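Me: I'd like to go through this one by asking what each label rests on. Can you set the values against the cut-offs for me?

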Amino acid sequence: MSFAGADASGRAAFALDTNRGRAAGDYQAEHFVAMYDERTGWVHLEGYTDYPNTERALLDYPDSPYFDFAGAPYALESIASPVNGLSLSIGPLEPRVTTRSDSTLFSMASAPATLSWSGRTFEGRVIYEFLAMRDENRLARGISGLLEVLTAGPDFQGLYLATETGDLYVHSAPASAAASTGNPLMAFWAAAERNLRADDVRFDVTAFDAAPGFYRWPASWSVRWRSDCGAAQLSVRSLDHDTQANWITGGFAMRAVEGEIVCGAESMPVFGFAELIR
């Protein structure tokens, strides 16, 4: 789940993944959490950790000492984190794209949302992901499982972007990742709660930054597609970078990004996150 929004003082983005799994009768759960505030930069939030899955939840969200959930998958209503002074209220989720195979379900939705944090209230959008994989559970393998997943399918680039009335998601992934996402190049675009066409997507990295190893971080992007308004183009650039993991030949990072979509005579700003696995 990724949120991007703004108040009168600036923009903020917040991302939370809650992964869960089962292996040999044991149940696992973990949070990945990231937050960026345009005024102060990257924000440290408590809860980026694994935790006991005492509820034995696989489809539902197991509460943790850090985050409480109201609602169910695809009907998520709110997330509260008293320890971080944060709460997120989510409007009705609208389906955007779904792919499935014999062993995998990958589905995305989006909705208007309100983030409350540090005495501020941000109005924005949520992009929601649901990924279920049969007979696959890296949580049971600890750090070795994480490195196996990351290094098996490097060069994933996902853009989670909010506009004033909607959202845009696009990812470029290696062929080895297509088993989970259904397509190495995928996009959806929504405005005013309406799905817009995103056909014939072309994804290009237009600039790179140095990384602490034998690789580089993508720093700006150009994405083109055909939509209801004709030929659409997205230009995105990095605002700030946060490396989550580095293993010399590659890494995992989040970037706060901004840019604009131009389609026909209309131009609209975008803001959000880029997720990078190299």
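Me: What is the bridge partner of Ala 4 in S2?

Reply: Ala 13 is the partner of Ala 4 in S2. Before going on, keep in mind that this is a predicted model, where local features need pLDDT of at least 70, side-chain atom pairs count only at pLDDT 80 or more, and totals for chains, interfaces and linings use all residues. Residues are numbered from 1 along each chain as its sequence is written, and side-chain values use heavy atoms, with hydrogens and water left out.

Me: What makes S1 and S2 a strand pair?

Reply: Strands are DSSP runs of E with at least two residues, and helices are runs of H or I with at least four, all numbered from the N terminus. Two strands pair if DSSP finds at least two bridges between them. Strand S1 (residues 2–7) and strand S2 (residues 10–23) have six bridges and run antiparallel, so they pair by that rule. Two residues link S1 to S2 in a hairpin.

Me: How many bridges join S2 to S3?

Reply: S2 and S3 are antiparallel and joined by 12 bridges.

Me: Why is the pair of Phe 32 and Tyr 48 called edge-to-face?

Reply: Rings of Phe, Tyr and Trp (its six-membered ring) pair if their centres lie within 6.5 Å; planes under 30 degrees apart are stacked, over 60 edge-to-face, and the rest tilted. Phe 32 and Tyr 48 come in at 5.0 Å centre to centre with 90 degrees between the planes, so the edge-to-face label follows. Phe 32 sits in strand S3 (residues 26–37) and Tyr 48 in the loop between strand S4 (41–42) and strand S5 (50–52), so the pair ties together parts 16 residues apart in sequence. The structure holds 10 aromatic pairs, and Phe 32, Tyr 48 and Phe 252 form one aromatic cluster.

Me: Is Phe 32 buried or exposed, and how does Tyr 48 count?

Reply: Buried means under 20% relative accessible area, exposed over 50%, and partly exposed in between (1.4 Å probe, protein chains only). Phe 32 has 9%, so it is buried. Tyr 48 has 43%, so it is partly exposed.

Me: What makes Tyr 36 and Trp 42 an edge-to-face pair?

Reply: Their ring centres are 5.2 Å apart and their planes at 65 degrees, so the pair is edge-to-face. Tyr 36 is buried at 6% relative accessible area, while Trp 42 is partly exposed at 23%.

Me: How do you know that the charged end of Arg 216 sits over the ring of Phe 208?

Reply: The rule asks for NZ of Lys or CZ of Arg within 6 Å of the ring centre and within 35 degrees of the ring normal. The charged end of Arg 216 is 4.1 Å from the centre of the Phe 208 ring and is listed as sitting over it.

Me: Why do Cys 229 and Cys 263 count as a disulfide?

Reply: A disulfide is a pair of cysteine sulfur atoms within 2.5 Å. The sulfurs of Cys 229 and Cys 263 are 1.7 Å apart, so they qualify. The count by this rule is one disulfide. With 105 degrees about the S-S bond, the link is right-handed. Cys 229 lies in the loop between strand S17 (216–227) and strand S18 (230–246), and Cys 263 in strand S19 (residues 251–263), so the pair ties together parts 34 residues apart in sequence. Cys 229 is partly exposed at 37%, and Cys 263 is buried at 3%.

Me: What makes S15 and S16 edge strands?

Reply: Nine strands form an open antiparallel sheet in the order S15-S14-S13-S12-S20-S19-S18-S17-S16. Strand S15 (194–196) and strand S16 (199–210) each pair on one side only. Within this sheet, 12 bridges join S19 to strand S20 (residues 266–277), and Met 254 has Glu 275 as its partner in S20.

Me: Where is Ala 192 found?

Reply: Ala 192 is in the loop between strand S14 (185–191) and S15. Its phi is positive, about 50 degrees, although Ala 192 is not a glycine. Ala 192 has a relative accessible area of 61%, so it is exposed.
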